[in-house]
Amino acid sequence: MTEIASFAIEYRRFLDPDGQAVQPLPAFAQDPADLIPLYRAMVLTRSFDAKAVALQRTGRLGTFASSLGQEAVMAGTGAAMRPEDVLLPSFREQGAQFLRGAAMTDLLLYWGGDERGSDFAGPREDFPICVPVGTHAAHAAGVALAFQLRGEARAAVCVLGDGATSKGEVYEAMNLAGVWRLPVVFVVNNNQWAISVPRERQTAAQTLAQKAIAAGFGGVQVDGNDVIAVRDAVERALEQARSGGGPTLVEAVTYRLSDHTTVDDASRYRDDAEVSARWKDEPILRLRRHLTDAGAWSKEDEERLIAECGEEVEAAAEAYLATPVQPVESMFDWLYAELPGDLAEQRAGLVAEAGLAGGENDG
Amino acid sequence: MAEIALVEAVQLALARAMEEDETVLVLGEDVGVNGGVFRATDGLLARFGDKRVFDTPLAEALLAGISVGLGAQGFRPVTEFQFMGFFYPAIDQVANHAGRLRNRTRGRLTCPIVLRAPFGGGIHAPEHHSESFEAMFAHIPGIRVVIPSSPARAYGLLLAAIRDPDPVVFLEPKRVYRAPKEEVADDGTAAPLDCCFTLREGNDITLVTWGAMVQETLAAAETLSGQGVEAEVIDVATLKPLDMATILTSVEHTGRCVIIHEAPLSGGFGGEIAARLADRGLVSLTAPVKRVAGFDTVMPLPRLEEHYMPSARRILAAVREILEYA
């Protein structure tokens with residue numbers, strides 16, 4: 001027998017669940033003070049998620065996907081990117097989107113049922129949330145091709161779930177990225193559950209990272225509850241991508257502590273005991289232990305941060321709730337650059353109908 | 001000016017668009033070195049280089065998906081699907097993304113892409129190579145569906161589609177790819193989108209059609225003229241958004257309408273035109289609206305395809321039936 005191919009998947013972790021360093025930390029993490037923005041980003045995301053769920057439970061927001069327990073994947077990814085890179089999120093990446101400059105009010109508007117929520121004031125080239133699972137992987141390849149054609153040192157970052165790695169379209173995009181050495185990073189948020197289907201029923205592959213091998217580029221698995229590991233891996237992948245070294249897949253192994261979305265009830269398919277056990281691994285606690293042990297974080301710091309984040313989230317929620325509904329005819333106004341004639345007729349009909357309804361209400 | 005075929009007009013328009021706008025790219029399977037299976041992209045790689053013309057891996061959903069990504073970044077990809085029968089995996093991208101990107105970002109990101117595919121039967125092609133499902137695309141909001149029926153309109157409409165700031169599904173009737181030929185001025189003049197073309201004027205009946213059926217319909221109109229019946233022939237050209245005004249104006253003076261398409265009858269785009277005639281043109285009609293279409297069967301393999309596709313004879317039979325109404 002002659003072996004004609006072989007591969008290995010590296011697993012990386014810097015902090016164990018107790019917050020202890022298990023190997024020398026990367027440069028950005030050596031001074032604990034430098035880790036506080038990452039910690040803050042995770043806490044802010046958790047505050048936002050809690051508020052969004054509460055708004056949904058009280059009928060003031062539509063269906064919402066919390067990122068509870070996966071804040072390190074989002075903060076690590078967002079922090080690793082440069083402003084000129086482009087993020088293509090799926091629907092649980094609010095933590096990364098905030099670091100990119102998307103406003104919390106915008107995301108509340110989106111989940112509250114208003115298209116203006118995807119017209120981010122901040123990252124103008126970032127893609128909106130992608131609900132059809134994995135269909136944005138090809139967009140990331142297209143964006144990366146645009147960077148490559150213009151000779152720009154930029155990269156696209158596509159965040160996927162573990163379930164998305166089963167989709168043919170994701171492999172199609174990875175395959176192209178491999179052949180053309182596109183500047184793209186695929187970040188797989190492996191939170192163990194695709195709604196009710198567990199990771200081991202999703203694929204027989206040992207890791208999701210190794211799916212990159214078939215596409216001809218490198219994959220790495222990191223502890224997705226270790227924000228240092230996520231940021232380090234995504235940063236390295238981005239540096240490689242921007243300098244012409246081609247794509248990377250980063251599999252971040254974490255756990256979805258919440259239901260899939262606010263309309264899901266995870267108790268139908270997984271044990272509470274399993275979830276409880278996973279709380280000891282959660283990423284915010286881990287970094288807090290690390291910072292506390294290093295003398296860089298106190299109880300007072302924690303209380304102040306929680307209060308600050310709460311205020312910020314409340315202000316965003318109030319701004320969202322105070323945003324007037326769009327005019328009804330706006331459903332026509334962004335469909336094409338110029339409204340075609342037959343749609344103009346339909347629009348006029350709707351405007352007339354809305355005018356009549358308004359009149360009735362006035363009466 | 002030399003006479004050229006429809007597929008050569010496509011090639012001419014692509015070259016012209018690439019010449020005038022460096023953001024125009026050509027992507028697809030076998031479009032580079034091979035010049036496309038129908039040679040629609042022949043010579044473009046040699047002329048514009050491998051930073052403008054791309055042979056992609058064999059993956060149709062990917063083709064549409066990277067086009068969306070490129071479009072959002074300001075490129076204008078013109079992407080070829082080898083045959084319409086292989087377009088299905090990409091419909092997800094068209095419906096969920098291309099047609100929605102402008103709307104869902106309130107104009108922050110747009111999708112100025114053209115997705116080209118040869119469609120229809122009549123060239124004795126293998127299974128899955130002869131379908132006509134333009135109506136499926138015409139149901140998708142936010143896109144245009146454009147179908148040329150002659151070399152000149154292929155040239156002008158493709159230029160217009162590429163310059164258009166929104167996604168266009170551009171379907172080329174491959175049965176008329178090679179003939180008939182006509183003179184086409186390569187002067188960069190686009191033909192208007194969102195507008196029907198009246199190819200023949202007449203006062204007795206309106207024949208509405210598109211794609212390869214235009215030839216059959218014009219042949220039927222010629223026969224009718226010899227029998228003293230003058231048919232007005234309308235090439236719809238842009239199915240979505242539909243220029244219903246031209247059709248209604250014609251039916252106002254003819255009082256009769258037959259719609260001809262190669263796609264299956266039920267749920268075909270002819271039904272939409274007939275419904276709009278019922279809504280807006282009923283008082284002008286002196287006879288029922290008749291559709292001549294493919295059957296609601298699977299497109300047969302080549303031995304029977306001639307019996308599937310509407311022929312001039314079948315169109316004439318429908319016209320005679322309609323003319324019997326006083």
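In this predicted model, the charged end of A:Arg231 sits over the ring of A:Phe28, 4.1 Å from the ring centre. A charge counts as over a ring if NZ of Lys or CZ of Arg is within 6 Å of the ring centre and within 35 degrees of the ring normal. In chain B, the charged end of B:Arg153 sits over the ring of B:Phe197, at 5.7 Å from the centre.

Residues are numbered from 1 along each chain as its sequence is written, chains are lettered from A and ligands numbered from 1 in the order written, and side-chain values use heavy atoms, without hydrogens and water. Local features need pLDDT of at least 70, side-chain atom pairs count only at pLDDT 80 or more, and totals for chains, interfaces and linings use all residues.

Rings of Phe, Tyr and Trp (its six-membered ring) pair if their centres lie within 6.5 Å; planes under 30 degrees apart are stacked, over 60 edge-to-face, and the rest tilted. B:Phe133 and B:Phe137 form a stacked pair, with 5.7 Å from centre to centre and 25° between the planes.

Both A:Tyr110 and A:Trp111 are buried (under 20% relative accessible area, with a 1.4 Å probe and protein chains only). B:Phe133 and B:Phe137 are both buried. Ring pairs also link A:Tyr110 and A:Trp111 with A:Phe48, A:Phe64 and A:Phe98 into a cluster.

How values were computed: Buried means under 20% relative accessible area, exposed over 50%, partly exposed in between (1.4 Å probe, protein chains only).
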